[in-house]
6 protein chains.
Amino acid sequence: MLLHLSTWTEVEAYLEKSTGIIMPIGSTEQHGPTGLIGTDAICAEAIAKGVGEEINAMVGPTINVGMALHHTGFPGTISLRPSTMILLIKDYVTCLAKAGFTKFFFINGHGGNIATMKAAFAETYAHLADLNIRNHEQVKCQVANWFMCGSVYKLAKELYGEQEGSHGTPSEVAVTQFVYPEAIKQGQLAEEVGKGHSIYGAIDFRKRYPDGRMGSNPALATPEHGKQFYDLAVKELSNGYLEFLNAG
Amino acid sequence: MLLHLSTWTEVEAYLEKSTGIIMPIGSTEQHGPTGLIGTDAICAEAIAKGVGEEINAMVGPTINVGMALHHTGFPGTISLRPSTMILLIKDYVTCLAKAGFTKFFFINGHGGNIATMKAAFAETYAHLADLNIRNHEQVKCQVANWFMCGSVYKLAKELYGEQEGSHGTPSEVAVTQFVYPEAIKQGQLAEEVGKGHSIYGAIDFRKRYPDGRMGSNPALATPEHGKQFYDLAVKELSNGYLEFLNAG
Amino acid sequence: MLLHLSTWTEVEAYLEKSTGIIMPIGSTEQHGPTGLIGTDAICAEAIAKGVGEEINAMVGPTINVGMALHHTGFPGTISLRPSTMILLIKDYVTCLAKAGFTKFFFINGHGGNIATMKAAFAETYAHLADLNIRNHEQVKCQVANWFMCGSVYKLAKELYGEQEGSHGTPSEVAVTQFVYPEAIKQGQLAEEVGKGHSIYGAIDFRKRYPDGRMGSNPALATPEHGKQFYDLAVKELSNGYLEFLNAG
Amino acid sequence: MLLHLSTWTEVEAYLEKSTGIIMPIGSTEQHGPTGLIGTDAICAEAIAKGVGEEINAMVGPTINVGMALHHTGFPGTISLRPSTMILLIKDYVTCLAKAGFTKFFFINGHGGNIATMKAAFAETYAHLADLNIRNHEQVKCQVANWFMCGSVYKLAKELYGEQEGSHGTPSEVAVTQFVYPEAIKQGQLAEEVGKGHSIYGAIDFRKRYPDGRMGSNPALATPEHGKQFYDLAVKELSNGYLEFLNAG
Amino acid sequence: MLLHLSTWTEVEAYLEKSTGIIMPIGSTEQHGPTGLIGTDAICAEAIAKGVGEEINAMVGPTINVGMALHHTGFPGTISLRPSTMILLIKDYVTCLAKAGFTKFFFINGHGGNIATMKAAFAETYAHLADLNIRNHEQVKCQVANWFMCGSVYKLAKELYGEQEGSHGTPSEVAVTQFVYPEAIKQGQLAEEVGKGHSIYGAIDFRKRYPDGRMGSNPALATPEHGKQFYDLAVKELSNGYLEFLNAG
Amino acid sequence: MLLHLSTWTEVEAYLEKSTGIIMPIGSTEQHGPTGLIGTDAICAEAIAKGVGEEINAMVGPTINVGMALHHTGFPGTISLRPSTMILLIKDYVTCLAKAGFTKFFFINGHGGNIATMKAAFAETYAHLADLNIRNHEQVKCQVANWFMCGSVYKLAKELYGEQEGSHGTPSEVAVTQFVYPEAIKQGQLAEEVGKGHSIYGAIDFRKRYPDGRMGSNPALATPEHGKQFYDLAVKELSNGYLEFLNAG
């Protein structure tokens with residue numbers, strides 16, 4: 001059930017049965033010479049829709065620009081500053097919490113979002129308490145990273161081993177190939193790839209990881225792998241959402 | 001050419017030929033009992049993609065939550081505060097301007113966004129000058145409201161006359177029916193509809209316009225109308241974009 | 001009745017009869033080589049006082065610096081950034097709303113303020129609701145541009161036709177000549193004047209409109225014209241204010 | 001020379017000779033049952049104009065709303081929050097500094113502004129250095145409180161002794177009587193007046209100082225006194241301004 | 001009684017008896033070639049602890065970085081911008097006020113903090129009223145500058161006369177020598193020292209006061225003097241705190 | 001080498017040899033009925049000093065209030081909001097980076113700080129690039145959590161097993177007992193302790209963890225254990241700092 005394809009009266013009816021909502025969040029950032037700039041948003045959105053269908057949960061609009069300042073040395077990257085992203089999440093959750101939603105399950109496609117999201121959640125809880133809105137003490141936000149699902153991680157290791165890397169990974173590229181087969185890129189990859197995990201500023205990032213990848217070999221990705229990752233993530237996050245709802 | 005389905009190397013190549021980009025912007029807000037909450041984002045995104053294809057221009061990710069504070073009395077609405085939206089637009093444009101983009105053509109689906117967008121543009125021009133980024137004095141942002149295209153306006157008058165109204169209109173509903181025929185809502189509309197144009201706070205809005213519509217009769221919408229509106233808007237905005245680019 | 005020439009006990013008494021207030025807002029910006037930098041504030045203040053006398057309404061202190069970032073390429077211009085102006089208007093309205101005022105009629109002298117004012121009003125309504133102050137749902141803010149009064153516009157067309165232009169106009173210059181006859185400037189105007197309506201950043205503005213005027217010929221202005229404009233604006237806005245109050 | 005009654009070309013010419021400017025700053029706040037709400041702005045503006053004429057200096061537009069949060073328990077008071085006022089002063093000074101002004105002499109009419117002004121100056125110096133504008137290291141801002149001029153203080157003591165008090169004082173009321181003789185208020189004053197100097201929040205303030213005065217007897221004020229205070233302040237601050245300019 | 005060495009249950013018990021708290025606040029800034037960068041924090045912390053022991057009052061954690069932008073031309077200086085410091089103080093006081101504290105006695109070691117602290121207090125009172133927390137109208141914040149205690153000032157004059165100066169003073173250096181005898185610096189001082197009291201931006205400051213001192217001769221300081229200053233300050237501020245508590 | 005016990009000339013000399021600095025950061029928050037409110041700051045400060053001595057590195061002033069909003073349901077807790085903490089860290093690092101520091105090693109005592117610190121680092125890198133300060137691209141910030149050192153974690157498991165818990169842990173209490181043996185608390189602990197790891201808002205936190213502990217048994221702590229933890233952390237973080245410096 002997509003919020004964007006619902007009416008307000010349908011939302012009103014939904015709230016009678018559930019106060020949970022799934023919020024997809026991604027990023028708009030370079031993913032190496034063959035990875036799509038929308039990779040993180042595409043993965044989060046597709047998987048969130050899958051989870052929403054699986055368990056009949058409301059899915060909000062995708063936050064498709066996140067915290068990617070370290071990627072801004074590559075053209076096409078768009079990033080919120082963390083301070084802006086905190087305000088954005090606070091605004092989103094506040095509107096929905098006033099309407100009665102209390103459980104916010106953020107299906108996230110970008111590791112770089114996690115810290116700022118957690119900061120935003122803390123800021124938001126305090127804000128809602130300050131506003132003293134109804135049921136504010138029941139509002140809970142959860143980060144659910146599809147790429148950190150145990151089953152996803154295991155499959156990636158099996159398929160790609162070390163070549164999974166940590167940015168522009170074959171697993172995420174595979175999911176985008178599954179979702180947008182018409183946008184599979186055939187670019188040549190350099191044999192050398194930037195190694196390591198350190199992330200500081202944008203200039204430093206581009207120096208360490210000259211073509212944008214972090215130790216990954218996205219040439220290994222296939223749409224079929226993408227389907228597998230998608231299925232695993234939907235299943236695991238569907239369970240995760242239900243546990244989150246039931247945890248009270 | 002969608003930014004989200006491009007790689008950073010493709011963006012780099014695009015910038016050799018053009019420094020223009022189309023930015024779709026909508027809203028996530030109630031549109032009456034039969035209008036989709038995502039109406040404004042859906043219309044802006046679809047039309048922006050159409051324009052992008054027509055004239056081979058880059059299309060950025062849709063800003064799908066805008067300034068809809070006055071609609072927050074209805075569940076499902078999500079709004080940025082204007083001050084947040086200014087920061088968001090500043091962050092977006094700054095990232096892209098640093099990469100070399102200079103002409104930002106915002107295809108907008110929501111009247112309530114216009115004031116804040118203009119404020120954001122002014123704030124952004126000054127910010128870019130303060131940062132002294134390359135070519136900052138050439139950065140230009142333009143609001144292009146699809147629903148205010150002359151051809152669209154004329155057709156809406158012909159088809160619906162007074163019943164077009166000003167929110168939850170048959171013309172925008174028609175476009176969503178064209179884009180998402182599977183999400184056409186058959187709800188019963190009250191015979192009475194809130195009249196007028198005044199917009200103040202959220203509580204006042206709901207009192208004036210009890211079911212969310214402003215003087216409109218969306219029951220008149222059809223997917224075929226939607227196609228017509230879509231075609232007109234794509235054509236007119238394609239021209240608009242080219243004029244904007246050429247105006248220097 | 002000027003707030004600045006009243007005591008708090010007089011304000012208290014006024015609030016027994018009316019909760020409306022007129023807020024003049026202008027700008028401090030270049031108006032071409034013969035237009036006063038204070039033009040917009042001077043016009044708004046004079047007309048607001050006129051309206052206040054006409055209908056016995058409270059008139060607040062003039063906001064004499066507004067959103068004029070695009071004029072900052074000319075010395076003497078002072079501008080708030082839009083984000084600052086939003087905070088300023090929020091602070092003003094919040095103070096007055098807590099004291100019992102609910103209808104804010106902003107008599108505006110500067111087109112460049114409009115977008116930011118509307119953004120500020122939206123931000124303010126939400127803020128007042130968050131604070132949950134008494135009668136917050138009745139607070140209404142209105143922009144009333146004296147230069148867009150039908151009667152003013154008509155006279156400007158009659159007197160100046162195309163030479164009215166859109167910045168440093170003979171009509172606004174005429175009003176300042178009427179209010180401050182001692183400050184009529186006799187400078188020579190270039191024969192060429194920047195044409196068009198496009199407004200982006202400050203550097204671009206100065207390039208397009210080298211002496212600051214936008215298509216106007218302020219040499220046509222006379223103090224007698226100014227008196228006519230003043231009278232028309234006061235009459236039309238007095239009615240506008242009363243309608244606003246009565247609209248509930 | 002009032003900035004508001006000048007053209008940008010006159011400002012340009014002025015800057016050839018001087019980079020100093022006088023900025024009047026007051027407040028919009030209760031001044032007891034017989035004091036004008038605009039007292040602080042009226043005094044600062046009148047004296048600043050006097051100084052400007054005396055020494056042929058540019059005088060900017062009056063900041064007529066300042067930091068008066070502690071007075072907001074009385075209707076008619078308008079206050080900026082300190083954080084807003086810092087942004088406002090930063091915006092003002094930044095615009096003028098970019099145009100070439102370097103010496104900002106704030107003639108202040110309200111004790112409650114001083115702390116925030118000083119905070120704003122510090123914030124602004126750092127901001128200008130960050131922007132790296134031309135001559136930023138020469139920008140200097142000065143608070144000049146007319147009511148703390150030695151000569152003013154001495155006369156107030158002579159005329160009123162203890163009854164000068166510290167808010168709604170006969171000296172400031174006298175100046176407003178001199179400037180606006182038509183607005184002299186004849187209200188009856190309570191025999192009891194709140195004593196002390198402590199200032200905390202707005203509710204506490206009204207409890208301590210029930211009619212708004214702080215230990216003052218404004219009934220002693222006369223327009224003739226006002227003229228004397230005005231003359232002394234203009235003279236002393238004219239010297240102060242020249243010293244400030246010359247101090248380099 | 002140090003907050004940092006207490007448990008929350010001890011704080012709960014303390015609040016039964018008293019709602020007052022002492023907040024030490026200093027700065028991290030150059031103090032001339034022989035003064036410690038931590039001087040202001042060290043003095044404030046030591047004296048606050050002394051006062052806390054003397055009268056059995058709770059002492060909060062030291063705010064050891066304050067408003068020292070004008071000292072940032074010297075390495076080692078760390079400063080909050082005033083706008084940040086306002087938020088910091090607002091956050092501190094809000095947390096403690098929600099827990100029941102109402103009297104905040106800030107023992108301050110740095111003149112440059114005063115203006116921003118006062119601005120912060122005003123902002124905070126209004127914020128607490130907006131939040132409508134219990135007893136918000138009783139919250140009071142006080143600046144208590146140890147170096148402006150009458151007894152301290154008198155001793156400094158006696159011991160050092162003109163050579164006390166106004167920054168990197170022998171009196172404050174003496175206190176740090178008393179508190180940290182192991183960190184007494186033996187550096188050679190230039191014979192020339194920057195004179196005057198003017199403080200503007202950081203570059204200007206360093207030009208006026210080349211080695212960081214303002215007219216002071218810290219070579220006169222001894223740990224024994226430090227003990228005297230400490231004792232006087234503790235005694236006078238202990239009385240000051242009790243008066244503040246009792247003033248209601 | 002403590003920044004607070006150094007002079008600016010010593011800092012200048014230090015910068016000739018190293019551009020690294022250690023920044024201790026803790027929190028001021030409840031740590032259960034027997035844990036000190038300053039626990040996290042005390043541990044971070046002590047260990048940071050130890051590391052500084054071990055390897056002759058500069059140690060900055062302790063950030064003793066961090067992000068502890070979820071603990072604010074217990075009296076004595078003070079927290080910055082994440083948005084404030086981001087500004088604070090940005091201000092700190094900016095001052096020091098302008099002076100020449102480039103490697104910031106934050107020794108952290110509080111898990112709740114991590115997310116906001118990482119957000120702050122990202123915000124800061126972008127800010128320094130915007131300011132275009134010298135060597136901005138070399139600035140690197142690192143979080144180093146003493147309690148997550150492998151050696152520390154291992155010892156805690158050995159000594160306490162499951163009873164280590166995750167807040168108010170015996171390991172951190174032990175370190176405070178080692179540092180402040182005079183402040184060892186003998187309070188009785190409830191047999192029941194809140195279990196789990198979930199952290200949302202402050203009210204929810206107190207409901208889940210009624211006495212503030214999260215699954216821990218701090219009664220197991222001894223000063224001797226504290227010494228062991230301290231030694232291990234100092235050793236491991238000394239190495240970590242050197243690796244960080246050398247990683248370039």
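This is a predicted model: local features need pLDDT of at least 70, side-chain atom pairs count only at pLDDT 80 or more; totals for chains, interfaces and linings use all residues.
Local features required pLDDT of at least 70 and side-chain atom pairs pLDDT 80 or more, whereas totals for chains, interfaces and linings use all residues. Residues are numbered from 1 along each chain as its sequence is written, chains are lettered from A and ligands numbered from 1 in the order in which they are written, and side-chain values use heavy atoms, without hydrogens and water.

Contact here means heavy atoms within 4.5 Å. By that rule, 27 residues of chain A touch 27 residues of chain F. The copies meet through the same surface, because 100% of the interface residues of chain A are also interface residues in chain F. Buried area is the accessible area (1.4 Å probe) that two parts lose on being put together, summed over both. For chains A and F it is about 2,000 Å², with 69% on carbon and sulfur atoms.

A salt bridge places a side-chain nitrogen of Lys or Arg within 4 Å of a carboxyl oxygen of Asp or Glu. Four salt bridges cross the interface of chain A and chain F. One of them pairs A:Asp204 with F:Lys140, at 3.6 Å from N to O. Helices (H or I, at least four residues) and strands (E, at least two) are DSSP runs, numbered from the N terminus. Helix H3 (82–99), helix H4 (114–131), strand S4 (140–145) and helix H7 (202–208) of chain A each give two or more residues to the side that touches chain F. H4(A) gives the most, with eight residues.

Chains D and C form another interface. Here 52 residues of chain D contact 51 residues of chain C. The two chains bury about 4,000 Å² between them, 66% of it on carbon and sulfur atoms. In chain D, the most area is lost by D:His4, D:Leu5 and D:Trp8, together 20% of what that side buries. Four salt bridges link chain D and chain C. C:Glu10 pairs with D:Lys185, with the closest N and O atoms 2.9 Å apart. Helices H1 (8–17), H2 (39–55) and H3 (82–99) of chain D each supply at least two residues to the side touching chain C. H3(D) gives the most, with nine residues.

Over all chains, the whole structure holds 60 salt bridges. C:Asp204 pairs with C:Arg208, with the closest N and O atoms 2.6 Å apart. Both lie in helix H7 (residues 202–208) of chain C, four residues apart, about one turn of the helix. C:Asp204 is buried at 5%, whereas C:Arg208 is partly exposed at 26%.

Another pair crosses between chains. C:Arg81 and B:Glu123 form a salt bridge, their closest N and O atoms being 3.3 Å apart. C:Arg81 sits in the loop between strand S2 (58–59) and helix H3 (82–99) of chain C, and B:Glu123 in helix H4 (residues 114–131) of chain B, so the pair joins two chains. C:Arg81 is partly exposed at 23%; B:Glu123 is buried at 4%. A network of salt bridges links A:Arg81, B:Asp91 and F:Glu123.

Key
Buried means under 20% relative accessible area, exposed over 50%, partly exposed in between (1.4 Å probe, protein chains only).
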